[in-house]
Amino acid sequence: MRSSPRKGWFVLASVVVMVLLHGNSRQFWPKIPYLSLRDESVAEHTRLVFNTLALVTLGQWLIGRLPRERALPRAAGVAAATAALPALIGLNQRVLRLRAPLSEVYNLAQVVLLPLGAALLEEALAERAVG
């Protein structure tokens, strides 16, 4: 699997959008209805991850940076990353039981790791479909 600049831009854009939407819920700037967190529950954070990845995907599609053959692999990556978050939060809460500041580092790492995982899955599925 060769490295793709598309993957890097997707991850970077996802991190920026996630920070904007999460900060949005903390009232750092005006709230965006239906996209920002309403509370700090696991379900709301899962929704935030989905909204983030969906917004970045929509943005890439609108500017013509998401080829049609990448649509299904991207959808699978977004679904997998979204589904993984509750398990990763549960892993910390029930198994690792990390305390601050390690818990905060673990949670912050998810901001980068989830989009990266989605991008890697997309890349693998797209290569498999072609080759």
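**View 1. Packing of helix α2 against helix α3 in the predicted model.** Helix α2 covers residues 42-62 and helix α3 covers residues 71-96. Their axes come within 9 Å and cross at roughly 160°. Because the cut-off for roughly antiparallel is an angle over 145 degrees, α2 counts as roughly antiparallel to α3. The crossing of these two helices, α2 and α3, is right-handed.

**View 2. Residues in the contact of α2 with α3.** On the α2 side the contact is made by Val42, His45, Thr46, Val49, Phe50, Leu53, Thr57 and Gln60. Their counterparts in α3 are Arg74, Val78, Ala81, Thr82, Leu85, Pro86 and Ile89. By class, nine residues of this contact are nonpolar, five are polar and one is charged.

**View 3. Arginine 74 and the ring of phenylalanine 10.** Arginine 74 is placed over the face of phenylalanine 10, and its distance from the ring centre is 4.1 Å. Arg74 is also one of the α3 residues that meet α2. As for pairs of aromatic rings, the structure holds zero.

**View 4. Packing of helix α3 against helix α4.** Helix α4 spans residues 102-130. The axes of α3 and α4 come within 8 Å, with a crossing angle of roughly 150°. This angle makes α3 roughly antiparallel to α4. The crossing of α3 with α4 is right-handed. The residues of the contact of α3 with α4 comprise 16 nonpolar, five polar and two charged.

View 5. Most residues other than glycine have a negative phi, and most peptide bonds are trans. The peptide bond that joins alanine 100 and proline 101 is cis, with omega at about 5°.

Terms used: Residues numbered from 1 in each chain as written. Predicted model: local features only at pLDDT ≥ 70, side-chain atom pairs only at ≥ 80, totals over all residues. Heavy atoms only, no water. Axes fitted to C-alpha atoms, helices over the stretch in contact; angles between N-to-C directions. Helix = DSSP H or I, 4+ residues; strand = E, 2+ residues; numbered from the N terminus. Parallel < 35°, antiparallel > 145°, perpendicular 65-115°, else oblique. Left-handed = near helix turned anticlockwise from the far one by under 90°. Contact = heavy atoms within 4.5 Å. Nonpolar A, V, L, I, M, F, W, Y, C, P; charged D, E, K, R; others polar. Phe/Tyr/Trp six-rings, centres within 6.5 Å; stacked < 30°, edge-to-face > 60°. Lys NZ or Arg CZ within 6 Å of the ring centre and 35° of its normal.
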